[in-house]
Each structure stands twice: as C-alpha cells, then as structure tokens.
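User: Please take a close look at one annotated part of this protein. Then follow the contacts and salt bridges elsewhere in the chain.

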Amino acid sequence: MAHLSIDDMLSSFHAERFLITVIWCLIVTQRPDIVDEENRVQSVPVEELLREYDYVIVGGGSAGAVLANRLSEDKNYTVLLLEAGLDEVVVSDMPLTYTLIQRSFMNWEYKTEPSSNYCLAMKNHQCRIPQGKVLGGSSTLNAMIYSRGNKRDYDFWASLGNTGWDYKSVLPYFKLSEDARAEDLHDSPYHQRGGYLTVEHFKYTSPDIDYIVRSGEELGYPIRDINGENQTGFTYSHGTVRNGLRCSTAKAFIRPASKRKNLHVSLDSLVEKILVKEVGATNVAEGVRFRRDACHHVVHAKREVIISAGAIQSPKLLMLSGIGPRDYLEEMKIPVVHHAPGVGQNLQDHVASEVIYTIDLPPDIPEPKKFTVRLFESVTLEALEDMIHDNPSPLHTTTIGTGMAFINTKYADKTFDYPDIQLLFSSSSHAYKSGIISSRPEDTNPDIMNDFYKNILKHQTVEIHSILLRPRSRGLVKLNTTDPTGNPEIYPNYFIDPHDLRVMIEGMKFADKMSRTHVMQKLNTRPNPNLISGCSQHDSSSDEYLACYVRHLTGTIYHPVGTCKMGPVNDSQAVVDARLRVYGIARLRVVDGSIMPYIVSGNTNAPVIMIAEKAADMIKEDWPV
C-alpha cells in the first residue's frame with residue numbers, strides 16, 4: 001500500500017484532531033480487543049453508593065488503581081475508589097498518540113508559575129506539567145517508560161529513618177506487579193512473570209534509535225537492562241506496554257477487578273475535603289466530601305481514607321482540609337485542623353532540556369519514511385493497516401524514549417553505580433510542534449522558536465534529551481484559591497541550586513560527544529545551526545551559552561514528587577511516617593509519589609506502583625482480619 005501522510009490526505013483539517021478521529025474510528029470498528037467493553041470499569045450509580053466503606057481511596061491513578069485492586073482482594077471488605085476524571089479512551093492505547101492526549105480532557109493542565117530563571121522560551125515563562133486526570137492517572141498519559149531508579153535511592157530513604165524502604169525490601173514489590181514478557185528479562189533475578197503490569201519492549205522502534213544506542217558502546221557504555229544489577233549504560237527501553245499497546249494501571253489493575261462486588265469506582269468525582277473529627281485528644285479521618293454531577297456527596301470510611309491524588313493534588317487536598325502549614329492556612333482563612341509544615345514543600349521534579357541534530361539517511365534504507373518517527377508523516381495508510389492487523393506499526397512506538405541511557409558526568413562518583421544524568425532519545429516530530437520540551441506552538445514564544453527552528457523543519461532530525469536525575473533544588477505547591485476546582489500554584493524552582501545547572505550543562509556536552517561518534521557520523525549527524533536568540537551574546541560552545549540554552553528550553557518529564565514527604569517523627573518537614581500514615585491524623589494515609597523524601601534516579605511511574613504495592617501490604621498488616 002502506498003505511503004500517504006495525514007497532511008496529504010486532508011490538509012484542510014486540523015491534523016491532530018483528524019489523526020485522533022481516524023485512529024478512534026479504526027479501533028472502535030476493527031479492534032474490539034482494544035475497546036474491551038466487557039472489562040472496562042462502570043462508574044457506580046450515585047443511588048448505589050454506600051454510606052460507608054472500609055477503605056475510601058482518593059485518586060485512581062498509578063497508585064490508587066493498585067490499591068483498589070489489592071484492598072478489594074478480600075471480598076469481606078468494601079472499597080470505594082474516587083477518581084476526578086473519566087475512563088481512559090481507546091486512542092490512549094496507541095503509544096504514538098501520547099503527546100496528543102496530554103492536551104485533552106484527561107490532563108489537569110497544570111502550569112508552573114512564571115519565572116525569570118527557567119522556561120524562558122515559553123509564553124509568560126511558564127512550562128506545562130502534564131498530570132493525568134483520568135482513570136489510570138499519569139500512567140494513561142505518559143511515555144510508558146519502565147524505569148525503577150537506582151538501588152542507592154532506596155537505601156538512602158531507609159538511612160533517613162524510613163525503615164523497610166531499602167532496596168532489598170522494595171525489590172519484591174517491583175517484581176510483584178510485573179509481568180515481564182520481554183525475552184531478555186526472562187532469566188533475570190530482578191524480574192518475574194505473572195503480575196498485573198505487563199513490561200515489554202516497544203513493538204516498533206525506528207532505525208535511527210539503533211544508531212543512537214550503539215553510539216554509547218563507542219563511548220564505553222554497555223547496552224544493558226537498566227533495572228537489573230547495574231543502572232549505568234544504554235538500553236532499548238522497556239515499557240508498560242502489552243502486545244504493543246499501553247498498559248496503564250487502569251488496564252493492568254482495575255479491569256481485572258471490575259467485576260468484584262465489593263469494589264465501587266466513582267468517576268468524575270472530585271474530592272473537596274477530608275472529613276476529620278476529634279475523638280478525645282485525637283484527630284481521626286472519618287470520610288470525604290466529593291462532588292459528582294454538580295451535587296455534593298459524603299461517604300465515611302470504617303478503616304481508612306487513603307489519598308493517592310499525586311504530588312500536586314494530594315497536598316492541595318490536605319491543605320483544603322485544614323492540614324498544612326498553620327500560617328499559610330490562616331492566611332487562606334482555612335480552619336487549622338493540624339499544623340503540618342511540610343505539606344506542599346519539598347517539591348522535586350526531573351528537569352530536562354533537548355538538543356536537536358539534523359541527520360542524513362543512509363543510502364541503503366529501503367523505506368526512508370520509516371527511518372524516523374514523525375507524528376503525522378508516520379501515520380500512513382500502511383501504518384494504520386498494520387495496527388488493525390496487530391503487526392508492528394509506527395503507532396506502536398513513542399516519539400521519545402524507546403532508547404535511553406544513564407550516564408556519569410564529571411560530578412558523579414564513578415566508584416559507585418550512581419549515574420547523575422538520564423538521556424532519552426527521540427525520533428523528532430517536526431521539532432517543537434510535537435517535542436516534549438516546547439510541546440506546542442501555542443505554548444512557546446514564536447519569535448524565539450521560529451528563529452531556533454528555521455531551515456531545519458523539513459530535515460530528518462533526532463533529539464537527545466538530557467535529564468537531571470537528582471536535583472538539589474526544591475520547590476513548593478501552594479493553594480491559589482480555596483475553590484476545590486481551582487488549580488494550585490506550582491513553583492518547581494528549577495536551578496535555584498546552581499549545582500543543578502552545572503550538571504545539566506555536562507549532560508548537554510555528553511550529547512555532543514555522542515553526535516560525533518563514528519556510528520552517528522554514518523548519518524552525517526550535525527547540531528542545529530541556529531542559536532537561541534536570547535543567548536546569542538554567548539559563544540555557542542561555551543558553558544555560558546549552554547546555561548542560557550537550558551534556562552530557555554526548560555522542560556519537565558512530568559515527575560513531580562515529594563510534597564507529602566515520608567520521614568521519621570523528628571523530621572519537622574515529614575508529613576507521613578514510614579507506613580505512610582499522616583502525622584497527627586489517625587486513619588489517614590498518603591500513598592503516591594508525593595511521599596518520596598528524595599526523587600528516584602529515573603522515571604517515577606514504576607516506583608509509584610511499587611509504593612502502592614508495598615502500602616497495600618502495610619495496610620492489611622495494620623488491619624488484620
């Protein structure tokens with residue numbers, strides 16, 4: 001079948017909307033296995049809601065979906081899962097669409113507050129932070145990369161007084177979730193089969209990624225399983241995909257439990273407040289108030305309320321409920337239920353920036369349009385036909401991250417396996433029109449970006465994204481309003497510690513070394529000749545230029561964590577203890593990425609799932625039959 005791009009097929013339509021519509025129609029009519037109508041969750045009718053459940057879980061994302069499954073395993077206990085969003089749509093199953101669905105109703109549409117220190121190429125100096133407002137949460141929107149972080153991350157958590165969170169203790173919970181179907185993982189003691197969460201290689205990887213991954217060997221880095229014995233090295237990424245399709249936590253954990261009588265799921269249900277009562281001298285969480293169908297509802301919890309709303313929404317909900325820094329709550333005229341100074345503090349995120357290279361295709365490539373993955377050009381009639389027949393197709397890949405690396409800069413201690421930079425490799429999609437850093441033209445300063453991308457949009461390009469693994473900078477989340485429907489203020493404070501910027505600069509320099517390897521020069525790899533206009537006063541090869549570049553082309557890999565920090569009782573900033581119980585409020589826990597005291601050295605989705613698996617066991621231990 002001849003190649004025919006979406007732009008050629010119907011150039012008068014908005015390409016993104018047309019692409020989504022075409023894929024949706026084909027899935028609905030040709031792929032009933034993806035529609036999976038029999039197992040999809042049905043939101044419990046309001047009139048069937050119970051007044052009281054054993055467990056009430058707030059948030060049906062990467063953590064909440066796991067908890068809902070595990071806590072409802074015993075049919076004697078009732079579980080209510082409250083999710084502010086709706087069910088995942090069928091289009092989200094196709095990995096290539098992830099950048100499109102991030103701009104849909106399934107995203108909270110957070111933005112950082114304006115800054116003069118980062119996001120300078122963005123309008124109003126604000127970067128987007130995509131977070132899932134959908135069943136499955138950010139596991140439904142993300143790039144599906146399965147990365148656990150480094151062993152030393154968890155050993156460090158334990159050394160802070162968080163007993164039971166060392167790597168030896170958490171590894172069984174990573175394995176518990178996992179159904180490792182990739183052949184290269186079958187004999188590994190770090191992986192196992194049979195869990196709910198399928199882990200595979202992406203079904204389709206564009207050939208340019210092969211060149212980038214092999215460049216690492218030339219620089220002395222092995223190709224390895226970065227979730228195994230050692231992390232440092234290059235890899236063909238493993239992803240949370242099943243038979244080439246996205247495996248969100250909604251698909252992995254909720255659909256298998258959807259027929260359980262003791263599990264109720266209420267969608268489009270925004271929790272506005274945790275209800276706390278005084279019992280003697282103790283504050284006790286007794287339930288929640290939430291809004292659904294423009295009406296307020298109250299449900300009570302016999303055992304616990306568990307907040308799994310993520311690093312932005314969890315501290316927001318606690319503060320709206322009067323649990324947070326006393327001075328700030330009083331300033332917002334919220335009655336103080338419990339003074340918890342760490343709520344909303346300790347925000348950490350993986351800041352990133354990208355370097356773009358133009359390439360020439362090797363003369364022996366039989367199908368040049370398949371060499372790189374461009375979001376619209378790759379969706380040909382042939383690709384759609386392959387998808388329908390479950391054959392490898394560009395729709396089975398992602399424009400970023402099918403190959404990646406963990407490397408050491410000069411600031412890393414090379415006596416340990418503890419890399420300080422992660423690199424994600426991308427088959428570019430018309431540069432800034434679909435890239436993760438400058439995600440859309442409407443987000444970016446057109447004068448800056450048009451100059452930066454002039455003369456290269458029609459070239460074949462690849463991108464190397466440099467990601468700071470362990471930032472020293474700390475940000476915070478604050479309420480913008482006491483209206484529960486309003487988004488909070490997010491201050492990531494990227495580069496407030498200058499060391500972070502120095503490490504990022506070294507990551508960018510390493511990308512340049514990769515571009516000059518023999519294997520990359522087979523593609524005649526060349527750096528983008530255009531400069532960031534706001535940085536043109538600096539020599540383009542200088543650290544000053546790179547620092548300016550990163551401050552302009554700043555991005556998030558959407559890994560905010562840490563805002564309800566786990567720590568011992570003598571840590572004044574700790575919000576939860578090592579069993580994730582909120583200090584000062586009985587029968588209330590937080591179970592999601594917000595409890596991380598320090599961000600892990602890698603993508604955060606797999607660690608959040610691990611946290612929920614471990615928390616489910618702790619909850620069962622604390623409430624024996």
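Analyst: Residues 132-155 are 21% helix and 0% strand, and their end C-alpha atoms are 29 Å apart. Helices here are DSSP runs of H or I with at least four residues, strands are E runs of at least two, and both are numbered from the N terminus. The model is predicted, so local features need pLDDT of at least 70 and side-chain atom pairs pLDDT 80 or more, while totals for chains, interfaces and linings use all residues. Residues are numbered from 1 along each chain as its sequence is written, and side-chain values use heavy atoms, leaving out hydrogens and water.

Why pick this span? UniProt, in an unreviewed entry, places the feature "domain: Glucose-methanol-choline oxidoreductase N-terminal" at residues 132-155 and 310-324. UniProt positions are given in the numbering used here, feature names are shortened, and annotations may be inferred rather than shown by experiment. Now take residues 310-324. This span is 73% helix and 13% strand. Its end C-alpha atoms lie 16 Å apart.

Val 343 leads on from there. It touches Pro 315, Leu 318, Met 319, Ile 323 and Gly 324, and also Pro 325, Thr 563 and Val 575. Contact means heavy atoms within 4.5 Å. Residues up to four places away in sequence are not counted in that list. Val 343 sits in the loop between β16 (338-339) and β17 (351-359). It is buried, with a relative accessible area of 1%. Buried means under 20% relative accessible area, exposed means over 50%, and partly exposed lies in between (1.4 Å probe, protein chains only). Val 343 and Gly 475 are 132 residues apart in sequence. In space, their C-alpha atoms are 12 Å apart.

Next, the salt bridges. The structure holds 33 of them. A salt bridge is a side-chain nitrogen of Lys or Arg within 4 Å of a carboxyl oxygen of Asp or Glu. Asp 443 and Arg 103 form one, at 3.1 Å from N to O. Asp 443 lies in the loop between β19 (421-427) and α13 (446-453), and Arg 103 in the loop between α5 (98-101) and β3 (110-111), so the pair ties together parts 340 residues apart in sequence. Asp 443 is buried, at 8% relative accessibility. Arg 103 is partly exposed, at 24%.

Lys 410 pairs with Glu 506, and their closest N and O atoms are 3.9 Å apart. This pair also links distant parts of the chain: Lys 410 is in the loop between β18 (400-407) and β19, Glu 506 is in helix α14 (residues 498-515), and they are 96 residues apart. Lys 410 is exposed, at 56%. Glu 506 is buried, at 14%. Some salt bridges share partners. These join Glu 304, Asp 577, Arg 579, Arg 581, Arg 589, Glu 621 and Asp 622 into one network.

One more pair is Lys 277 with Glu 286, at 3.9 Å from N to O. Lys 277 is partly exposed, with a relative accessible area of 37%. Glu 286 is partly exposed too, at 21%.

Helix α14 also packs against helix α16 (residues 543-552). Their axes are 9 Å apart, at an angle of about 105°. Axes are lines fitted to C-alpha atoms, for helices over the stretch in contact, and angles run from 0 to 180 degrees between N-to-C directions. That makes α14 roughly perpendicular to α16. Angles of 65 to 115 degrees count as roughly perpendicular, under 35 as roughly parallel, over 145 as roughly antiparallel, and the rest as oblique. From α14 come Leu 501, Met 504, Ile 505, Met 508 and Lys 509; from α16 come Asp 543, Leu 546, Ala 547, Tyr 549, Val 550 and Arg 551. By class, this contact has eight nonpolar, no polar and three charged residues. Ala, Val, Leu, Ile, Met, Phe, Trp, Tyr, Cys and Pro count as nonpolar, Asp, Glu, Lys and Arg as charged, and the others, Gly among them, as polar.

On the α7 side, the contact is made by Val 170, Tyr 173, Phe 174, Leu 176 and Ser 177. The α17 side includes Ala 606, Pro 607 and Ile 609. By class, the contact has eight nonpolar, one polar and three charged residues.

Last, a backbone detail. Asn 455 has a positive phi of about 70°, although it is not a glycine. It is found in the loop between α13 and β20 (460-468).
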